[in-house]
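This report walks through one structure, strand by strand and helix by helix. Keep the sequence and the 3D view at hand.

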Amino acid sequence: MYPDPSSITRVASLGAGPIGGGWTAHFLARGYDVTAYIHDMAERDALMDIVNTGWISLTALGLAEGASLDRLTITDDIEKAVEDAGFIQESAPERLDIKQGLYETLGRIVPADVVIASSTSGMTMTDIQATCATPERTVIGHPFNPPYLLPLVEIIGGKKTDPAAVQWANDFYAHAGKAPLVMKKEIPGFVATRLQEALWREALHMVANGEATPEDIDNALINGPAPRMAVQGQCMAFHVACGAGGMATNLDQFGPALKWPWTRLEAPELTQELRDRMVNGCNEIAGDRHFTDMAVDRDRKIVAILNALRDSA
Ligand SMILES: NC(=O)c1ccc[n+]([C@@H]2O[C@H](COP(=O)([O-])OP(=O)(O)OC[C@H]3O[C@@H](n4cnc5c(N)ncnc54)[C@H](O)[C@@H]3O)[C@@H](O)[C@H]2O)c1
């Protein structure tokens, strides 16, 4: 029922925020024709800023043959945006009423064999597709920011989604240069976001209790687990850390430590004081650097890591 994922030549990217703009840059760099839908033509410059910023890194990573910014069309007409698109990536604001309204429209105007993926970070597809007349081809394709650099896309359908659409999205993203991960069940959040949330809660507890500053927390991560995590996730890091006995040694020897009160995963009270400590701490780390400079610096370094990993594969 769905076309061969490798036959897709045009993608529609809906939204001009960091995520919609980031997806637009990614698909252009992979050699697709892209139609970007922006809700208001006044957002055109903001969209192009994101695309142009992304293009610097994408060029450093290597563009696909034929990839060009000239293959981008921008429109504020939703019907034109989806015309001839073989795949739709929706990155509208994170509001259920807006997403549901959009899927109601898309459900009517997009042919039923075109998969529509939502970038949502926190909603379920079951909720988003509730008023869509053709929900079978709707899935979540959740990226990591910036979507033009970080390979992960977490995929899951809703109650009315056809499993074949989930499989198709997996195959299409893989063909389009992403690292897709199909989730086993629809739950609040995704694999990587839930792991990130656990880290985030513990960080907030330490700042709230005066045990560490935001700078201490980021230094601990950057100089500790982060470089290793680019190569090994939490599971393999512990497996390899325990010598030939691997994870079995880890669990048999250190299992009781799991019960020690090392983490406080209940969310801390988000008091004004905690809020201010976090905000002030991050502002201190940023100093007088502008957000754009920090984003460009981050991208340049991620490109270096990705290129280094590719060269040493
Ligand atoms: N920002 C992140 O770090 C991040 C990461 C992963 C996923 N996401 C998800 O991606 C999606 C987009 O995030 P963002 O940060 O780019 O959002 P954003 O709010 O900055 O941008 C949303 C864009 O949607 C468009 N829009 C506005 N009103 C609309 C409407 N009524 N119908 C259709 N489009 C409309 C506009 O072009 C706007 O720029 C959200 O669902 C968000 O949860 C965000």
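Strands β1 and β4 pair in the parallel sense, over 4 bridges. Two strands count as paired if DSSP finds at least two bridges between them. Helices (H or I, at least four residues) and strands (E, at least two) are DSSP runs, numbered from the N terminus. The model is a predicted one: local features need pLDDT of at least 70, side-chain atom pairs count only at pLDDT 80 or more, and totals for chains, interfaces and linings use all residues. Residue numbers start from 1 along each chain, as its sequence is written.

**The strands**

L14 has E90 in β4 as its bridge partner. S13 stands opposite Q89 in β4.

A residue is buried if 20 or more other C-beta atoms lie within 10 Å of its own, exposed if 12 or fewer, and partly exposed in between; C-beta atoms are placed from the backbone. β1 also runs parallel to β2 (residues 33-37), joined to β2 by 5 bridges. In that pairing, A12 stands opposite T35. Between β1 and β2 the chain passes through helix α1 (residues 18-29), and this β-α-β crossover is right-handed. Right-handed here means that, with the strands pointing away from the viewer, the path from the first strand over the helix to the second runs clockwise.

β4 is covered on both faces. F87 and Q89 are buried on one side, I88 and E90 on the other. In a regular strand the side chains alternate between the two faces of the sheet. β4 is also joined to β5, in parallel, by 4 bridges. There Q89 stands opposite A117. β4, α4 and β5 form a right-handed β-α-β unit.

| Strands | Bridges |
|---|---|
| β1 and β2 | 5 bridges |
| β1 and β4 | 4 bridges |
| β4 and β5 | 4 bridges |

**The helices**

How many residues of α1 are buried? The count is 11 of 12, so α1 is largely enclosed by the rest of the structure. Among the buried residues are I19, W23, F27 and L28. The buried residues of α1 pack against β1, β2, α2 (44-61), β3 (72-75), β4 and β6. α1 reaches 16 Å from its first C-alpha to its last, close to the 16 Å expected at 1.5 Å a residue. The expected span is 1.5 Å times one less than the number of residues. After α1 comes G31, with a positive phi near 90 degrees.

The buried residues of α4 are K99, L102, Y103 and L106. Seen down the axis of α4, they fall within an arc of 100 degrees, so they line one face of the helix. The arc is that of the directions from the helix axis to the C-beta atoms. On the other side of α4, D97 and R108 are exposed. The cover over the buried residues of α4 includes α3 (78-82), β4 (87-90), β5 (115-118), α5 (125-128) and β6 (138-143).

E104 is also in α4. E104 counts as partly exposed because it has 14 C-beta neighbours inside 10 Å. Leaving aside neighbours within four places in sequence, E104 is in contact with T131 and C132. Contact means C-beta atoms, placed from the backbone, within 7 Å.

**The core**

The largest nonpolar core has 52 residues. Such a core is a set of buried Ala, Val, Leu, Ile, Met, Phe, Trp, Tyr and Cys residues joined through C-beta atoms within 7 Å. Which residues touch the most other members? They are A12, F87, I88, V115, V139, A169 and F172. Beyond its neighbours within four places in sequence, A12 is in contact with T35, Y37, A81, V82, A85 and I88. In soluble globular proteins, nonpolar side chains tend to be buried together.

**Backbone exceptions**

Most residues other than glycine have a negative phi, and most peptide bonds are trans. D84 is not a glycine, yet its phi is positive, about 65 degrees. D84 lies in the loop between α3 and β4. With 12 C-beta neighbours inside 10 Å, D84 counts as exposed. The peptide bond from N145 to P146 is cis, with omega near 0 degrees. P146 lies in the loop between β6 and β7 (152-157).

Conventions: Two residues are in contact if their C-beta atoms, placed from the backbone, lie within 7 Å.
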